[in-house]
Amino acid sequence: MAWYDRLLAVDRRWIYLILAVAVVIPAIWTMHIPVSLSSEVENVFERVSGIQDGKIMFLAIDYDPSTMAELSPMAEAILRQVFRQNGRVVLSSLSQFGPAMTDEIMTRIAGEMGKVSGEDYVFLGYKPYPAITILAMGTDFRVPFPTDYYGDRVDDHPMMAGVHNFDDVEFVLSLAGGNAADMWIVYGNAKYGVPLALGVTGVMATDYYPYLQSGQLFGLLPGIKGAAEYEQLNESPGDGLRGIPYQTTSHAVVLVFIVLTNIAFFAKRSAQRKHGMQAGLS
Amino acid sequence: MDPTSAWGMVWRGIAALITLAIFSFLWRDNPVYKFIERLWVGVVTGYWTMLLYYTSFTDKVRVPIFEEGQWWYIFPSLLGVLMWFRLSKKYGYVSRYALAFYIGISTGVFIPLTIKTSILYQVQGTIRAIDPTWTGIMFGIAFLGILCSLSYFFFSKEHTGVLGVSSKIGIYTLMIGFGAGFGLTVMGRVALLVQRVIFLRDYGIDLLGGGL
Amino acid sequence: MKRQLPIILVFICGITMVIQFFVPHEYSEDLFQYANDFVIVIGILALPVGIYSLMTQTVRKARREPKERLYSLATIAGFLVMIIAGSRREWFTGATSLSSNMFNYVLVPAQATLFSMLAFYIASAAYRAFRARTLLAALLLLTAFVVMLRMIPLPEPLSTWNNDVVRWILEVPNMAAKRAIIIGVGLGAVTYSIKIVLGIERSYMGGD
């Protein structure tokens, strides 16, 4: 068997093993990798910086455990920033496994920073069917959410006095791991004109650049790099920046894979051509 | 719960075992993986059932009708109950009446908003005056790319002549788009794996460092 | 009645909601709010059908298929534990309750790990399928390569160049490709929806 054939027919488990080793390396050796900043992340950071002294933003935590690795660092960094600035936040969670995660993050950070439910934040909770829920929230948050996640009436929270719909918050930021992002664009932005930014997974990120260019979104946090950039701007290193060295080593491995497999592929093709020519001559 | 307390370590230990059990599938399919996967299905369904009960059924059906006397909630509730006829072979058609309300209302809302979002705003973002600056030139290239990509999806005429050239440029543009998507997909997928590795590492450190 | 009435209902509701969109009157807004509430309640009561279906199938499997019994019992056990653990609201939302612990230490790691395996599959795909066989494949490969290179710390000025190229890729050709797809999908979705409202598309009703 020629070297290129051996290389092209490598068992998938060797590939898995090499990737696993690449991901484990930064867990043993600490590395610092610089992160370049992008304007779409800076725009989100600037808008969140304006949520000061009682101003309210709407944070939609629309992801579940399958995408939390990319989106939870964004949620943590944003909540810390808003609370540090004495801003307030209304939260909802339109992914079916999001509410318990939102509750965990929210109560942990609020506890650390001495913030109180009902005064500094209100977690509305979950309703199925994101499109319909967003539309209903546009008329009044109380239509889909007469009570919050914990069963308390929304009207009983002092923070919600005079806060009825998207007109009463500065903007909406949805951290979405699925189609809730599209729902916010169609039913939040197009219907009610609410200023909107998204934090999305790496897989989804490229799909939202047209909305950014058309002005339907004022900012975008694309995947773990977006989270890392945000943490860098916020000067609060977290899981985003912590994850970058792991990304570097695993990307290096994938790039080497691509180069190797293509070298082997072209070597095989050229050998086959040579062989074909010789066969033709004889 | 303090994650380094005795109970915290026990629960994290369970989570670590679940993580390793699922990773065992990478070697090959096995009963442990299958067991955990099916357990997860049960937990997920149970969690969602209770979530729906508290955050949806209680809020929108039980409390409004039985505690607040908002009798008009009975109508949509009855329609919702009609959906259960889907389970019957004989009376399955009854569920269509409820479905008709749901589909009619949601489709009626969807049509104008999708025209606005996916067509009008996108066309508005595409058509602009092209000035002789770097941004203007890039805008011109993007405009050409959009037009050519759209022509690739136009199947009412054979892709020859001008349409052939534009659809060819279109497919090149689409390939660049998909390539960028693949690049960021690798980042996304790796991030998920990294989180599990960091979890296992932190648990290992706490365990060896005397968390118990 | 079995097929005609649903079609008429879809038509009336659909047309009413389309007209409502263009009428910014108080009554119109009230109608919109009520319709939303209406749909939420219908949807909420429809969801137990799926849960019931899944659980009856699992129970049937546990009874009839000895090989699957253990796995089906795992599903049933997981389901019952979550129902019992969350049978009171303060248990369901409590930070240290059994329900929360099951969520945080069983559901979360299981789901996160299931999806994290995609990293291995995509690495394998990059190795096995990512080959420059044609010009189109080469273009896709090259773009992905340049975008991935952004995560590698390169010496200056290579790093800046690479970042600039990735920015350009995302904002110009990628934006163009994705916008064309959005417009195409949008046109298709609107056409399909109009067919539903007009009663031409009826597959949502199922057979019979």
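Across the interface of chain B and chain C, 17 residue pairs are in polar contact, in what is a predicted model. Three salt bridges also turn up across this interface. One pairing to look for joins the side chains of R38(B) and E68(C) in a salt bridge, at 3.0 Å from N to O.

**Where chain B meets chain C**

- Six helices of chain B each supply at least two residues to the side that touches chain C: helix 1 (6–23), helix 2 (31–67), helix 3 (74–82), helix 4 (95–126), helix 5 (134–152) and helix 6 (161–208).
- Sorted by class, that side of chain B has 70 nonpolar, 25 polar and nine charged residues.
- In total, the contact takes 113 residues from chain C and 104 residues from chain B.

**How much area is buried**

- About 10,200 Å² is buried between chain B and chain C, and carbon and sulfur atoms give 82% of that area.
- On the chain B side, the residues that lose the most area to chain C are R38(B), Y54(B) and R96(B), which together make up 8% of what that side buries.

**Inside the nonpolar cores**

- The largest nonpolar core has 116 residues, and among those with the most contacts inside it are M57(A), L59(A), Y230(A) and Y47(B).
- A second, separate core has 92 residues, including V172(A), A181(A), I224(A) and V166(C).
- Leaving aside neighbours within four places in sequence, Y230(A) is in contact with V41(A), V44(A), F45(A), V48(A), A77(A), I78(A), Q81(A) and L221(A).

Conventions. Residues are numbered from 1 along each chain as its sequence is written. Chains are lettered from A and ligands numbered from 1 in the order in which they are written. This is a predicted model: local features need pLDDT of at least 70, side-chain atom pairs count only at pLDDT 80 or more; totals for chains, interfaces and linings use all residues. Side-chain values use heavy atoms; hydrogens and water are left out. A nonpolar core is a set of buried Ala, Val, Leu, Ile, Met, Phe, Trp, Tyr and Cys residues joined through side-chain atoms within 4.5 Å. Buried means under 20% relative accessible area, exposed over 50%, partly exposed in between (1.4 Å probe, protein chains only). Contact means heavy atoms within 4.5 Å. Buried area is the accessible area (1.4 Å probe) that two parts lose on being put together, summed over both. A salt bridge is a side-chain nitrogen of Lys or Arg within 4 Å of a carboxyl oxygen of Asp or Glu. A polar contact is a pair of N or O atoms within 3.5 Å; within protein, one must be able to donate a hydrogen and the other to accept it, and residues adjacent in sequence count only if both atoms are side-chain atoms. Helices (H or I, at least four residues) and strands (E, at least two) are DSSP runs, numbered from the N terminus. Ala, Val, Leu, Ile, Met, Phe, Trp, Tyr, Cys and Pro count as nonpolar, Asp, Glu, Lys and Arg as charged, and the others, Gly among them, as polar.
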